[in-house]
Amino acid sequence: EKESECSGHGTCSSKGGGVCVCEGDWFGDFCHHSAMHSPRFLPPSDPARSDARCIQAHSRQEVVATRLEQLEANSTPATCAPHTAFLQEFSGTRGLGITWRWLSLALSTALLRGKTLVVGGTWPWFDFAGCNQGVWCYLAPLSNCSGALVRENLVRARRRTPQVDTYRAQ
């Protein structure tokens, strides 16, 4: 591995036949371009002053509105059954950042599958005087389904069907 192979701004990886894995703001086949020092990689004009900015903003607004409608529709299913719920259980809280990331990934997965996110587990790290419901001291419930009800229905479904949509975080 020679430092010069990647311009001194990356390491040569044996995976993929010796590809440079660039550091920080460096990119290119040999990590020879700096996003911070080479203006040629910047857009020709300020995107905020572009005529297309309103179209782009409107498109983003439509996508967000669609996702919010989907979230609202998924949060109140007629039944809390395995085919409508995406049960996630998480215990042994590892901190605020990990918890928010885990929740956002679980919610994204539930939305992509068109299911209700139902969160179970214990969250004692978030308890405080006056509230012993863990993370739900800070967040509104994500659905009208409880983890216990979905678990009960999952047990029934497992007796009938081997394939059930559940995941337990370690």
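User: On the other side of helix 2, which residues are exposed?

Analyst: Quick heads-up: this is a predicted model. Helix 2 has its buried residues too, namely Thr99, Trp102, Leu103, Ala106, Ala110 and Leu111. They cover an arc of only 165° around the axis, so they sit on the same side of helix 2. Over on the other side, the exposed ones are Gly97, Arg101 and Leu112.

User: How far apart are the end C-alpha atoms of helix 2?

Analyst: Helix 2 covers residues 96-113, which is 18 residues. At 1.5 Å a residue, these should span 26 Å. The model agrees with that, because the end C-alpha atoms are 26 Å apart.

User: Is Thr84 buried or exposed?

Analyst: First, find its place: Thr84 is in the loop between helix 1 (53-75) and strand 5. Leaving out residues up to four places away in sequence, Thr84 touches Pro77, Thr79, Lys115 and Thr116. Its relative accessible area is 17%, and the cut-off is under 20%, so Thr84 counts as buried.

User: How many residues of strand 6 are buried?

Analyst: In a regular strand, side chains alternate between the two faces of the sheet. Here, Thr116, Val118 and Gly120 point one way from strand 6, while Leu117 and Val119 point the other way, and all are buried. So strand 6 is largely enclosed by the rest of the structure, and its buried count is five of the five.

User: Which residue stands opposite Val119 in strand 6?

Analyst: Look at strand 5 (residues 85-89), which runs parallel to strand 6 and is joined to it by five bridges. The residue standing opposite Val119 is Gln88.

Technical notes. Residues numbered from 1 in each chain as written. Predicted model: local features only at pLDDT ≥ 70, side-chain atom pairs only at ≥ 80, totals over all residues. Heavy atoms only, no water. Buried < 20%, exposed > 50% of the residue type's maximum accessible area, 1.4 Å probe, protein only. Helix = DSSP H or I, 4+ residues; strand = E, 2+ residues; numbered from the N terminus. Pairing = 2+ DSSP bridges. Contact = heavy atoms within 4.5 Å. Expected span 1.5 Å × (residues − 1). Arc of directions from axis to C-beta.
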